[in-house]
Amino acid sequence: MRKNAGLFDTLIGLLIMFIFTACILLVLAGGARVYKGISEELREQYSSRTALSYITAKLRSSDFEGGVSAGEIGGCPALMMYEQIESELYVMYIYWYEGALWELFCGADDEFLPSDGQEIMELVSVSFEFREDSSLIKIVCTQENNTAQQYVHIRSGKAERA
Amino acid sequence: MKGKSRTPLFLIETVVMLLLFSAFAAICLRLFAAARQTSRKSSELSHAVSWAQSAADCWKSADADVSLAAAILGISADAESFSLYFDKDWRQTAGAGEFTLILREDGDNGAQIVVFKADPSEPIFTLRAKAVANG
């Protein structure tokens with residue numbers, strides 16, 4: 001009888017230990033899941049929203065007569081921002097090429113390849129649509145499951161240089 | 001005395017550990033939930049700001065004309081306001097969704113933009129836009 005009671009106590013002890021271990025694992029798994037969710041959300045937000053903020057800031061800083069245009073360079077969707085420096089015309093290109101957002105600053109008449117620019121960040125796709133009737137640029141950035149879009153009003157209208 | 005089992009002592013220790021662990025686990029779970037809530041709110045605010053700015057820019061580009069701005073966004077408007085609806089992933093939807101943006105003209109070439117989830121009196125973000133005549 002005493003032997004059986006000892007065995008019972010041991011089993012209870014083992015059961016409590018088992019519950020204890022299971023609880024630790026559950027809390028750890030919960031924490032890991034929350035951390036994963038938050039980091040994924042932040043990463044998606046970082047890439048698409050940072051790209052949008054970056055492009056928007058560039059557009060607003062170039063919003064003067066003949067300053068902004070949209071089109072394509074080498075088949076890639078691009079925004080062109082013009083700047084006059086000591087009677088020379090320069091262009092800042094922001095474009096999507098081979099799964100990333102790129103930037104290139106060069107003379108307006110310079111020849112270049114899309115790969116000559118500087119890669120800003122990886123993005124699944126980026127598109128620019130300039131609505132000439134309302135001087136509005138629609139920017140759409142896609143990153144995996146997350147698509148972010150922004151409308152930017154260009155007060156000066158579209159540049160006619162391109 | 002010498003032959004007394006140590007099992008009851010072990011059991012008491014384990015139960016005390018389990019109780020302590022339960023208390024700490026409850027605190028941890030509350031913190032996890034709070035972290036998730038904060039992250040979700042931050043994401044909502046980020047999207048709300050972006051869409052409010054977009055709506056303001058559309059309205060400005062339409063020379064402060066609500067109907068024209070709504071047409072640009074592909075929606076209909078009434079005399080002084082338009083509403084945009086979004087699903088939980090902030091994709092624009094045709095009917096009522098998880099989130100709502102309302103742009104309402106408030107006179108003096110201004111417009112009030114409110115983005116909310118369920119209750120307009122508890123907005124996620126509000127923005128006041130003012131149209132300035134070009135030239």
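Analyst: A definition to begin: two strands pair if DSSP finds at least two bridges between them. Helices (H or I, at least four residues) and strands (E, at least two) are DSSP runs, numbered from the N terminus. This is a predicted model, in which local features need pLDDT of at least 70, side-chain atom pairs count only at pLDDT 80 or more, and totals for chains, interfaces and linings use all residues. Residues are numbered from 1 along each chain as its sequence is written, and chains are lettered from A and ligands numbered from 1 in the order in which they are written.

User: Which residue takes a positive phi in the hairpin of E7(A) and E8(A)?

Analyst: Strands E7 (residues 136-143) and E8 (residues 146-153) of chain A pair antiparallel over eight bridges. Two residues lie between the strands of this hairpin. The one with a positive phi, near 50°, is Glu144(A).

User: What is the bridge partner of Val140(A) in E8(A)?

Analyst: E7(A) covers residues 136-143 and pairs with E8(A). In E8(A), Val140(A) is bridged to Gln149(A).

User: Which helix gives the largest share of the side of chain B that touches chain A?

Analyst: Contact means C-beta atoms, placed from the backbone, within 7 Å. By that test, 27 residues of chain B meet 30 of chain A. On the chain B side, 23 residues come from one helix, the largest share: H1 (residues 7-61) of chain B.

Definitions and conventions:
Two residues are in contact if their C-beta atoms, placed from the backbone, lie within 7 Å.
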